[in-house]
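Subject: Structure handover

Hello,

Here is the structure for your files. My notes on it follow below.

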Amino acid sequence: MARPIWTGSITFGLVSVPVGLYSATHEHEVSFHQFEKGTADRIRYKRVNERTGDEVEFDDIVKGTDVGGGKLVMLEPDELDSVAPGRSRSLEIHQFVDLDEIDPIYYQKTYYLAPGSDETMKTYALLRDAMSDANRAAIGTLVMRSKEYLAAIRPDGDLLVLQTMYFADEVRDPKAELDRIPGKAKAKPAELSMAAQLIDSMSGPWKPAEYRDTYTDRVNELIEAKKKGKEVTVAAEAPEPTNVTDLLEVLRRSVEAAKKSAKAPAKKAAKKAAPKKKTATAKKTTAAKKTTTAKKTTTAKKTTARKRAS
């Protein structure tokens, strides 16, 4: 079993719920090393003094910041630890908010919250169920790995899930970052209607298992192909931007293609189901024949018996 990466207590009012924090996700990237081109020589990184060129041991390195005017302020690790709230084991809830009010842009990483012990399961479940019934998320702060995090706790099935969040000043203003931001669309009614049809034809239930990292798959295939000396298949180029003058026609063709794509699985399902219907019909026919034959046999026997009796 995995070990918790943080242990502490959720506190709200006078209630305290011991919990353990577990990572809910992991990434599956291909691991690469760096080599000098044309050789099998690994490239290594070293901590080097830029003035002397000498390598510096990790224990001899301190952090510093430029405060302007050519002045530097140096900070020792123990000085940083002395002001960090790293000894805190409390996840203090400041407020409960409507879950739908949180903009997803603030979410950072997801963790599972597990009850700290068997004795605290009831209190944990009570908090989970009360939040679920009210569709509320708890907003709080915790300190983990010498850093303070803003966090949202929300119910998810049988568990409480914690998502670390960016602070407001860490989210960039798009108006300050982007060269152009589109205003209200000036689309024609026909274009807007066709776009709505396309969205509707491509809509369906959210099934995360249907999606996978195809790029990583292709990278692994590329590695395997080069390992066996096979020819590498080049991926297709990205499509050209849609011409505004052809927008309505492109939307119309997209709707038709989406509808055909949706019909294909339905036809396959119908073909698979067809033999079963025939079998069921055949069974009914056979059963009916047997019943008819049995009735005829019984009637014939009764008739013979009557003749003998007379």
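What share of the contacts in the chain with a separation of 6 or more comes from residues 24 or more positions apart? The share is 61%, where contact means heavy atoms within 4.5 Å.

This is a predicted model, in which local features need pLDDT of at least 70 and side-chain atom pairs count only at pLDDT 80 or more, while totals for chains, interfaces and linings use all residues. Residues are numbered from 1 along each chain as its sequence is written, and side-chain values use heavy atoms, with hydrogens and water left out.

The average pLDDT (the predictor's confidence in each residue, from 0 to 100) is 82 for the chain, and 81% of the residues score at least 70. Strand β9 (residues 159-165) has the highest confidence, at a mean of 96, and helix α6 (residues 247-309) the lowest, at 61. Residues 277-281 have pLDDT below 50 and, beyond near neighbours in sequence, 0 contacts in the model.

Of its 310 residues, 16% are buried, meaning under 20% relative accessible area with a 1.4 Å probe, protein chains only.

Regards

Terms used
Buried means under 20% relative accessible area, exposed over 50%, partly exposed in between (1.4 Å probe, protein chains only). Helices (H or I, at least four residues) and strands (E, at least two) are DSSP runs, numbered from the N terminus.
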